[in-house]
Every structure is written in structure tokens, then in C-alpha cells.
Amino acid sequence: VEVTQARASASQVKLSGDQLTDPAAVQRYQTAQAGLTMSLQRLQEAYPELKSQGNYTTLMSQLEGTENRITIARNDYNSAVQQYNTTIRTFPN
């Protein structure tokens with residue numbers, strides 16, 4: 001039940017391009033995603049026999065990959081914004 005609620009909560013928090021500059025909106029998104037991750041980890045700890053099931057292992061692997069891709073995309077975005085800000089503030093450009 002907790003996993004389902006966390007998943008529903010995480011899917012309700014959306015970020016548009018305009019909201020990426022709002023630290024509060026980004027924090028809400030990260031909090032919702034972290035809540036889903038924590039509920040899945042608690043489920044795994046509570047039911048160790050789930051680890052032996054192939055579907056659960058595949059799900060956890062996919063979630064880990066998704067989290068890694070999100071982290072990489074966030075870092076790429078931050079680097080691009082930093083480079084852009086430096087470019088527009090550099091004289092004589």
C-alpha cells in the first residue's frame with residue numbers, strides 16, 4: 001500500500017521547463033521521488049524473499065537505472081545552464 005501511495009504521489013508532481021528555476025518546485029519533485037525510493041527499500045527489507053524473484057530484481061534494476069539517468073540529466077542541465085550564464089555575462093559577447 002505504501003509503495004502504491006508513494007508511486008501515485010511521485011507521479012502527481014510534475015515539473016515544466018519554467019519550474020526548473022524554482023528551487024521549491026524542484027525540491028518537491030525530489031522529495032516525491034525520494035519517498036518512492038524509500039518505500040521500495042522498506043518493502044525490500046521487510047520481505048527478503050522478494051529479492052529472489054526475478055521480476056522484483058528487474059524492477060529494482062530498472063529503478064536504479066532510471067535514478068542514474070535522472071542524476072546525469074540533472075548534472076548535464078546544470079552544466080549547460082552554468083555555461084550559458086557564463087557566456088551571456090562575458091564581455092564582449
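Reply: Start with a term. On a 1 Å grid over the protein atoms alone, a pocket is an open set of points where a 1.4 Å probe fits, with protein on both sides within 12 Å along at least five of seven lines; lining residues have an atom within 4 Å of a point. Grid points are joined across faces, edges and corners, and a volume is the space filled by probe spheres set on the points. The model is predicted: local features need pLDDT of at least 70, side-chain atom pairs count only at pLDDT 80 or more, and totals for chains, interfaces and linings use all residues. Residues are numbered from 1 along each chain as its sequence is written, and side-chain values use heavy atoms, with hydrogens and water left out.

Me: What volume does the second largest pocket have?
Reply: Its lining includes Leu15, Val26 and Ile70. The volume is about 260 Å³.

Me: Which element gives the most to the lining of the second largest pocket?
Reply: Helices here are DSSP runs (H or I, at least four residues), numbered from the N terminus. Both α2 and α3 supply at least two lining residues. With 5 residues, the top contributor is α3.

Me: How many nonpolar residues are in the lining of the second largest pocket?
Reply: Ala, Val, Leu, Ile, Met, Phe, Trp, Tyr, Cys and Pro count as nonpolar, Asp, Glu, Lys and Arg as charged, and the others, Gly among them, as polar. This lining has 2 polar and 1 charged residues. The nonpolar count is 7.

Me: How much space lies in the largest pocket?
Reply: About 430 Å³. Gln33, Leu36, Thr37, Leu63 and Glu67 are the closest to its centre. α1 (2–12), α2 (23–46) and α3 (54–89) each give two or more residues to the lining. So much for where; the space itself is about 430 Å³.

Me: Is Leu15 buried, partly exposed or exposed?
Reply: Buried means under 20% relative accessible area, exposed over 50%, partly exposed in between (1.4 Å probe, protein chains only). Leu15 lies in the loop between α1 and α2. Because its relative accessible area is 30%, Leu15 is partly exposed.

Me: Is Glu45 buried or exposed?
Reply: Glu45 sits in helix α2. Its relative accessible area is 63%, so Glu45 is exposed.

Me: How far apart in space are Asn75 and Thr21?
Reply: Asn75 belongs to helix α3. Asn75 and Thr21 are 54 residues apart in sequence. C-alpha to C-alpha, the distance in space is 14 Å.
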